[in-house]
Amino acid sequence: MADHAHDDGDHGHDHGGHGHDHGGHAHSHDHGGDGNFRGLAVALAINTAFFVVELVGALYADSLTLLADAAHMITDSASLGLALFAAWMAARPADQRRTYGYQRAEILGALANGVFLLGVVAYILYDAVQRFQDPRPIKPLVVVGVGVVGLAANLLAAYAIHGGRENLNVEGAYLHLLADAAGSVAAILLGVALYFTDFYVLDPLFAVLVAGLVLYSTKDLLAESVNILLQGAPQDVPIPEVVEALESIDGVHEAHDVHVWALSSGQYACTAHVVVEEDADRDAVLDRCRHLLGERFDVDHATIQVETPSGECETADFDCYTPE
């Protein structure tokens, strides 16, 4: 996607001459969409097949830890399914209603995944409280066997999508799978412990441990998804640094009203007002701004309004301000 630079002239909003510059540097993020799609499809097939195995094993062994891990597994499948859907949606071209395209579909999918996981945690904790009060015997060898197979399935599925982790939705699915792998390890340890002892309260205790792992893997995913949907600045693009960088460009007197937000996990946009010296070459300033934002801050789409020190921002009443 090429960057765009707008020159509004001496506050008269003259869009001729310097209206849109599509040439020169074009910064883009290629995240290997086809590879991500294939990897997600493979991981989904592995995960869904093992969910059936783990659910049957959990019911047969009467283990809350296995049941919790199976519940996490089905949310992993939902996560992968949503990621596939989001990848398909994000590939659709922009249209007159969705002028930025459909990249935000992946963020909606990531947010939905996080909410699903919170529901799973609530269920596990509720059932664990019941079992703490009335521990039940379980079949330890079944738990160990299912845990070993589950660990292998989780790691294989995670490997299938490892290469696409720069995409937020794929990263979310990857974290789910790793947390589920940790849950499988907990199931193995539980089965071994209960093979040698009858301390059945370990089952709800390990279930709570799995719930904690699920919650930990969800925290950052939810926070980043909400930040993107609220059009917050990406963590790796501090606004003060963007302002300082723009003001360091030859011919720029001041930069203000700077906004940076993420269209998706890998697509950044920026708008800014730059005040230039009276004798500055505006075309050169716009070109430098565009290159700097693309090369230093990975901004794919930049809109720059040029102003002069002798005038005032005509849009001051509603958008010419410095964010606090």
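Modeller: Happy to! One term to start: a residue is buried when its relative accessible area is under 20%, exposed when it is over 50%, and partly exposed in between, using a 1.4 Å probe and protein chains only. This is a predicted model, where local features need pLDDT of at least 70, side-chain atom pairs count only at pLDDT 80 or more, and totals for chains, interfaces and linings use all residues. Residues are numbered from 1 along each chain as its sequence is written, and side-chain values use heavy atoms, with hydrogens and water left out.

Biologist: Thanks. How many helices and strands are in the protein chain?

Modeller: The protein chain has 8 helices and 3 strands. In sequence order the pattern reads α-α-α-α-α-α-α-β-β-α-β.

Biologist: And what share of the protein chain is buried?

Modeller: Of its 324 residues, 49% are buried.

Biologist: Let's look at the strands. In what order do they sit in the sheet?

Modeller: The order is β1-β2-β3, in an open sheet of 3 strands with mixed pairing. β1 and β3 (299–307) are the edge strands, each pairing on one side only. Neighbouring strands are turned by 15° against each other on average, ignoring direction. Here axes are lines fitted to C-alpha atoms, for helices over the stretch in contact, and angles run from 0 to 180 degrees between N-to-C directions.

Biologist: What does pairing mean here?

Modeller: Two strands pair if DSSP finds at least two bridges between them. In general, strands of a sheet pair through backbone hydrogen bonds, either parallel or antiparallel.

Biologist: So which way do β1 and β2 run, parallel or antiparallel?

Modeller: Antiparallel, with 9 bridges joining β1 to β2 (residues 267–276). In that pair, S264 stands opposite Q267 of β2.

Biologist: How covered are β1 and β3, then?

Modeller: β1 (residues 252–264) is mostly covered, with 10 of its 13 residues buried. For β3, 9 of the 9 residues are buried, so the strand is largely enclosed by the rest of the structure.

Biologist: What should the span of α8 be?

Modeller: The expected span is 1.5 Å times one less than the number of residues. For the 16 residues of α8 that gives 22 Å, and the end C-alpha atoms are 22 Å apart, which agrees.

Biologist: Changing topic: how many disulfides are there?

Modeller: The count is 0, taking a disulfide as a pair of cysteine sulfur atoms within 2.5 Å. C270 is in no disulfide, and the nearest cysteine sulfur, that of C289, is 9.2 Å away.

Biologist: Which residues does UniProt list as "transmembrane region"?

Modeller: The unreviewed UniProt entry lists residues 40–61, 107–126, 138–161 and 173–193. The positions are in the numbering used here, feature names are shortened, and annotations may be inferred rather than shown by experiment. In the model, residues 107–126 are 100% helix and 0% strand, with end C-alpha atoms 29 Å apart. The span 173–193 is also 100% helix and 0% strand, and its end C-alpha atoms lie 30 Å apart.

Biologist: Last one: what is the phi of D257?

Modeller: It is near 50°, a positive value in a residue other than glycine. Most residues other than glycine have a negative phi. D257 sits in strand β1 and is buried at 4% relative accessibility. Q231, in the loop between α6 and α7, has a positive phi near 60°.

Note on methods
Helices (H or I, at least four residues) and strands (E, at least two) are DSSP runs, numbered from the N terminus.
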